Amino acid sequence: MNYLIQNAKAIASETAPDARDIRIRDGRITEMGLNLAPTPEDPETLVDASGCVVWPGLVNTHHHLAQSIMKGVPEGLNHNLGEWLSSVPFRYWPRVTPDMMYHAARLGLYELIRSGATTCADHHYLYHNTTSPELEEAVWQAAEELGIRMVLCRGSATEAGSHEGMIEHGIAAETIEQIIDRLDATRKKHHQAGPDAMKKLVVAPTSLIHSSSPEGLKAQARWARENNLKMHSHLLEVGFDESQARSKYGMSAIDYAESCEWLGPDVWYAHLVHSDPHAISRLAATGTGIAHCPTSNCRLGSGIAPAIDMEAAGIQITLGVDGSASAESGSMLQELNLAWLIHRALKGPRATTLEQVLEWGSRNGAELLGLHDTGTLDVGKAADLVLYDIDQPRFAGVHSPLMAPLMCGEPVHVRDSFVQGRQIVAGGQVNGLDESELTRNVQDCVSRLLREA
Ligand SMILES: [Zn+2]
């Protein structure tokens, strides 16, 4: 499809800061400038961007889409991570059917898309000994239908572990052979290599410290590297990770990760809230990245990741919404807004800039996921971009319109959105999705979960 986006109020691009128009051909940005003329000889759809600012599509580097139907569960509202895992996600996990997973994924992706995201890395962990492959297929299907880029981080556990939950709810772990066989089946069926892949697979044991054996971690790391797949997990979300690593393995969590071959430029971790100077120096020295998830960390009272110190040390900061059972908003824009604010609360008004935080949420995320053709608005890049309508009362008083969505936060109105030049939001409507039908389907999923739990 060919498009000419015209008359934007401002465009977030380092290479074309004064552009107001963007031309898209065959999925790519081919021209950026002022008053670009339509090309009748090469028909294109005109998109009126007046009243809008155009940003690169946001890149979410950590989610659990399954949790979109587990928001605000009363039993987990005032719990820390360990108690919450047992009373919310592990409690419902064995009861999620492929049909529920499909509607949960549609809801989570819809929420991301309407906040400005065009790529989602989902840490999908609904795998156990007798897991149905249809649970994973539901995630791929939902992403394909809505047209968002999907990076499926394939979770796993080889032992019940030191977090409460798996044993309590009768979830039997997989063997390492099952994990590798199932990973390989997914890789052959869905994974695409290349800097503009629409679907990618990542090897992502759910917890390094609590539910994986050292041998299983090494086997998965070696298999991932043999197959050029990236690696992801949770680490140091709470101090319990550090104390468990010391009591189980006699070393710090970060040294344990390194001993299992789980640090490197192909690895990123969600959270890393409790990173001490030694952890920061090992992460930086090995090129390991972070998915910083401030909303979830606030909600569970886990703390604030030292993202400013990490960036100063050379660590690549990216942003994730984390699952909606611990971050009920499911909005990438909310993560940007909170990331901008929360480090200022700690370190003063020069701790973050708007441009820096937008980079965390776009370019850095794209680079971390290996999607190097996305994440910025430049001629030659894939056309992953979003039009925020700021022609509305709450934005009208803003003196610097380009960053208005980030400063003012939710609710935002995404008027149009494109992934690889395919329009996935048009006139404020997410293509291929009826909002009232989605609401009814999700309400039905919640009723079924409650009946069965
Ligand atoms: Zn998570």
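1. The side of domain 1 that touches domain 2 draws at least two residues from each of β6 (52–56), β15 (385–389), α15 (404–408), β16 (414–419) and β17 (422–426). Helices (H or I, at least four residues) and strands (E, at least two) are DSSP runs, numbered from the N terminus.

2. The model is predicted: local features need pLDDT of at least 70, side-chain atom pairs count only at pLDDT 80 or more, and totals for chains, interfaces and linings use all residues. Residues are numbered from 1 along each chain as its sequence is written, and side-chain values use heavy atoms, with hydrogens and water left out.

3. The domain assignment, an automatic or database one, gives domain 1 as 3–56 + 375–430 and domain 2 as 58–368. Their centres, taken over C-alpha atoms, are 30 Å apart. To the contact (heavy atoms within 4.5 Å), domain 1 contributes 29 residues and domain 2 contributes 30 residues.

4. About 2,300 Å² is buried between domain 1 and domain 2, 64% of it on carbon and sulfur atoms. Buried area is the accessible area (1.4 Å probe) that two parts lose on being put together, summed over both. Of the area that domain 1 buries against domain 2, 25% comes from L406, E410 and V430, more than from any other three residues.

5. The rule finds 4 salt bridges across the interface of domain 1 and domain 2, a salt bridge being a side-chain nitrogen of Lys or Arg within 4 Å of a carboxyl oxygen of Asp or Glu. R114 forms a salt bridge with E410, with the closest N and O atoms 2.8 Å apart.

6. H232 is found in strand β11 (residues 230–235). H232 counts as buried because its relative accessibility is 0%; buried means under 20% relative accessible area (1.4 Å probe, protein chains only). The side chain of H232 makes a polar contact with the side chain of H62 at 2.9 Å, and the side chain of H232 also reaches the backbone oxygen of W268 at 2.7 Å. Leaving aside neighbours within four places in sequence, the residues in contact with H232 include H123, C153 and W262.

Key:
Buried < 20%, exposed > 50% of the residue type's maximum accessible area, 1.4 Å probe, protein only. Polar contact = N/O pair within 3.5 Å; in protein donor to acceptor, adjacent residues only side chain to side chain.
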